[in-house]
Amino acid sequence: MTAVTVPAPTAAPAPADRTAPVVTVRDLRVDYGDQTVLDGVDLDLHAGETVALLGASGSGKSTLMKSLTGFAPVAGGTVHVAGHDVSALRTREQRQLRAEVGQVFQQFNLIPRLSVLTNVLAGGLHRAGPINLIGGFTGEQRKLAMHYLDRVGIAHKAKDQARSLSGGQQQRVAIARALMQQPRIVLADEPVASLDPKLADSVLELLRGIAAEYRIPVLVSLHVLPLALRHSDRIVGLRQGRMLISAPTPELDTEQLLPLYEHEEHRDDAHVA
Ligand SMILES: Nc1ncnc2c1ncn2[C@@H]1O[C@H](COP(=O)(O)OP(=O)(O)OP(=O)(O)O)[C@@H](O)[C@H]1O
Ligand SMILES: [Mg+2]
């Protein structure tokens, strides 16, 4: 493949720097109407680490992720992401923040009729702005998109329509699209819930590799405990909107995670096997 200059993530802390988290959440409270959905949540995310976010259905995982990009109704506390005070963002800075946050979703959210390459290039539009829609993508952008497609192991599919790919392949494209944003952080909300177990392992391994290689935090919500235990550096667990667990993964086992799913309607959410 042609050599391409891959921009380093902007101002990421040095590998050993544990003093400057990319994300700092303190005493966060989120209310939807009368319902308090998150309460007293503290969270630090550091460059290079993969953090698994666990909790029963309705415990607030997606809401916590949304609060990092200004999409949740924050009722109290503070949220700082990549130097932005999220609760005090004006429209322009909000756009800037969202350009710096790569997102990966359960349903991939690709544009099915467009090529894989164009889907990845679309990730860069966040940063470059709409002018590119008129001028087309530059050769450098195409090279960069191909570089990221190669990184996720799917460069050979670049010209194919996104809808012709398998679920696992589509999720890799979605990850390449997020990388095209040169993100300061990646949020992955149940990224493997639609994939078979083998693909789930490989996609989570890819995400963890990306966190380490690009020196960015990756926050990934999961429902399958062994996947969280295998593919994260740290586990954060919510129960009914409160943070019950926050510990390095090697210090945890399935038994310690089960309380996350107690006293909830949806105990079946905890897939332990
Ligand atoms: N836009 C909204 N309006 C009102 N209530 C909401 C909204 N979004 C989430 N909630 C409520 O907030 C609570 C937490 O929801 P959230 O989606 O964060 O849970 P979750 O942990 O991601 O669950 P799941 O595992 O099912 O995805 C739920 O009670 C939900 O009904
Ligand atoms: Mg959710």
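What follows is a short tour of the sheet, the helices and the cores of this chain.

This is a predicted model: local features need pLDDT of at least 70, side-chain atom pairs count only at pLDDT 80 or more, and totals for chains, interfaces and linings use all residues. Residues are numbered from 1 along each chain as its sequence is written, chains are lettered from A and ligands numbered from 1 in the order in which they are written, and side-chain values use heavy atoms, with hydrogens and water left out.

## Overview

The chain has nine helices and 10 strands, where helices (H or I, at least four residues) and strands (E, at least two) are DSSP runs numbered from the N terminus. Of its 273 residues, 49% are buried. Buried here means under 20% relative accessible area, exposed over 50%, and partly exposed in between, with a 1.4 Å probe and protein chains only. A contact means heavy atoms within 4.5 Å. Take the contacts with a separation of 6 or more: residues 24 or more positions apart account for 71% of them.

## The four-stranded sheet

Strands E2, E1, E4 and E5 make an open, antiparallel sheet in the order E2-E1-E4-E5. E2 (35–45) and E5 (84–85) stand at the edges with a single partner strand each, so one side of each has no neighbour in the sheet. Two strands count as paired if DSSP finds at least two bridges between them.

E1 (residues 23–32) and E4 (residues 74–81) pair over six bridges. E4 and E5 are joined by two bridges, also antiparallel. These two strands form a hairpin with two residues between them, and Ala82 in the turn has a positive phi of about 50 degrees. Here are some bridge partners:

| Residue | Bridge partner | Strand of the partner |
|---|---|---|
| Val23 | Val81 | E4 |
| Thr24 | His80 | E4 |
| Val81 | His84 | E5 |

## Helix H1 across the sheet

H1 lies across E1, E2 and E4, running at about 120 degrees to E1; axes are lines fitted to C-alpha atoms, for helices over the stretch in contact, and angles run from 0 to 180 degrees between N-to-C directions. Two of its residues are worth a look. Thr63 sits in H1 and is buried at 9% relative accessibility. Beyond its neighbours within four places in sequence, Thr63 is in contact with Val30, Tyr32, Val37, Leu38 and Ala72.

Met65 is in H1 too (residues 61–68), and at 4% relative accessibility Met65 is buried. Leaving out residues up to four places away, Met65 touches Leu53, Leu187, Ala188, Asp189, Leu219, Val220 and Ser221.

## Helix H7 and the cores

A nonpolar core is a set of buried Ala, Val, Leu, Ile, Met, Phe, Trp, Tyr and Cys residues joined through side-chain atoms within 4.5 Å. The largest has 54 residues, and Leu54, Leu149, Ile175, Val192, Leu207, Leu222 and Leu257 touch the most other members. Which helix gives the most to this core? That is H7 (residues 197–214), with eight residues. Another core, of 28 residues, lies apart from it and includes Val22, Ala82, Leu97 and Leu219.

H7 has 18 residues and reaches 26 Å from first to last C-alpha, close to the 26 Å expected at 1.5 Å a residue; the expected span is 1.5 Å times one less than the number of residues. Its buried residues are Ala200, Val203, Leu204, Leu206, Leu207, Ile210, Ala211 and Tyr214. They cover an arc of only 150 degrees around the axis, which puts them on the same side of H7; the arc is that of the directions from the helix axis to the C-beta atoms. On the other side, Pro197 and Lys198 are exposed. The cover over the buried residues of H7 includes E3 (50–54), H5, H6, E7 (185–189), E8 (218–221) and H8 (225–230). Leu207 itself, neighbours within four places aside, contacts Thr50, Ile175, Val186, Ala188, Pro191 and Val218.

In H2 (residues 91–100), Leu97, Ala99 and Glu100 are buried. Those buried residues fall within an arc of 160 degrees, so they line one face of the helix. The face turned away from that side carries exposed Thr91 and Arg95.

Ala158 is in the loop between H5 (139–151) and H6 (167–180). Is Ala158 buried or exposed? Ala158 is buried, with a relative accessible area of 8%. Neighbours within four places aside, Ala158 contacts Ser115, Val116, Leu117, Met146 and Leu149.
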